[in-house]
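Here are my notes for your first read-through. Keep the structure open beside them and find each residue as you go.

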Amino acid sequence: MTSKIIGVGNYIPPETITNLFFDQHHFINKNGESLKEANDIIARKLKEITGIEERRYASEHQVTSDLGLIAAQKAIENSKIDPETLDYIIFAHNFGDVRFGTVQSDTVPSLASRVKHLLKIKNNFCVAYDVLFGCPGWIEGVIQANAFIKAGIAKRCLVIGAETLSRVVDIHDRDSMIYADGAGAAILEASEDERGIQSHLSASYTLTEKDYLFFGKSYNNESCPDTRYIKMDGRKIYEFALVNVADAMKKCLDSSGYSIDQLDKIIIHQANEKMDEAIVKRFYQLYDRPMPENIMPMVIAKLGNSSVATIPSLLTMILEGELASHEIKEGNVVLFASVGAGMNINAIVYKF
């Protein structure tokens, strides 16, 4: 027995933020010094490195659980299930509900509990809890749901990934241009045919890598001395991901019983276009193969990096036929992979 996806949904926020939005920002380095390059040059380099031209922000009245609720409602509708039959609601995020104009995270009750309440689910034995696992949180939630199903303690689970990173960025840090808001969700249920999760892998690298992504002070020490924001060491993350994510992907694929030539798509966390391409190229090099054309769908150019939401949101777009150059058909084998704060890595091989 394994588990398969029977419904998907996403929510792409309405506010389109182009790179011009940052034209008047005062960018500072970690030493508190103003960057010498003009903002238009910084934006151009960002696009060259990450591929990001624009990103989406939630409306001012929305919080992360609101985005997750909409994605969950769409997944439930897509799956045509009665939400009262859900055994688990697993909500992956990292910063809770942060209301616009504030810096305080709200995580009590859990975001999963809030979504269950808003879905008006009466079943007290539908368990709702949150997962904090960095950007790989949604995949980890899927892996946990699969474990519950295989263990016989659940038959049907809702896994949500949502984030409003626009609420936790330092406006003086040029890395703030990478981040975005969004949500995606999927319904999983028990499967006894050949479809579904074929293998999975998770890892946490914490000995020396723990602080590659962290919460730190603003680079503007005068106006924001005590507030903390999401920070990263981009170079270390790139070097770490290039080696370790590709190796994890290979290990996961090898344990699935499928060969590299049977792989139809790779859906990787939309973190950085060049980094993702480098990871997938190295993955194929491990098999002495060139990276095939059209193997890796990317939407980061228009949606930015919305952390746990990138993979379920992208999966929904493909399955609903919203990407002209990509499709997933019955029988296709897809490799999912992600990397993020922890530093955490995970992967899934899935047959549709």
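1. Is strand β1 (residues 2-11) largely enclosed by the rest of the structure or left exposed, and why? Count its buried residues. Nine of the ten are buried, so β1 is largely enclosed. Bear in mind that this is a predicted model.

2. Next, look at what β1 pairs with. Its partner is strand β9, which covers residues 181-191. The two strands run antiparallel, and nine bridges join them.

3. Now step back to the whole protein. It has eight helices and 15 strands. The radius of gyration is 20 Å, and the globule rule gives 20 Å for 352 residues, so the protein is as compact as a globular protein of that length. Along the principal axes, the C-alpha atoms fill a box of roughly 60 × 50 × 40 Å.

4. How much of the protein is buried? The figure is 57% of the 352 residues. The protein exposes about 15,600 Å². Carbon and sulfur atoms supply 49% of that area.

5. Check how the chain meets itself. Take the contacts with a separation of 6 or more: 77% of them are between residues 24 or more positions apart. K274 and T50 are 224 residues apart along the chain, yet their C-alpha atoms are separated by 5.9 Å.

6. Stay with K274. This residue sits in helix α6, which spans residues 273-285. Is K274 buried, exposed or partly exposed? Its relative accessible area is 46%, so K274 counts as partly exposed. Setting aside neighbours within four places in sequence, K274 is in contact with E48, I49 and Y238.

7. S176 lies in the loop between β8 (156-164) and β9. With a relative accessible area of 4%, S176 is buried. The cut-off for buried is under 20%. What does S176 touch, not counting residues up to four places away in sequence? The list is F22, F27, Y57, V169, D170 and I171.

8. Last, the charges. The protein has 37 positive and 46 negative charges.

Conventions:
Residues are numbered from 1 along each chain as its sequence is written. This is a predicted model: local features need pLDDT of at least 70, side-chain atom pairs count only at pLDDT 80 or more; totals for chains, interfaces and linings use all residues. Side-chain values use heavy atoms; hydrogens and water are left out. Helices (H or I, at least four residues) and strands (E, at least two) are DSSP runs, numbered from the N terminus. Buried means under 20% relative accessible area, exposed over 50%, partly exposed in between (1.4 Å probe, protein chains only). Contact means heavy atoms within 4.5 Å. Two strands pair if DSSP finds at least two bridges between them. The radius of gyration is taken over C-alpha atoms; the globule rule is 2.2 Å times the number of residues to the power 0.38. Accessible areas come from the Shrake-Rupley method with a 1.4 Å probe; for residues, only the protein chains shown count as cover. Lys and Arg count as positive and Asp and Glu as negative; His and the chain ends are not counted. The place of a charge is taken as NZ of Lys, CZ of Arg, CG of Asp or CD of Glu.
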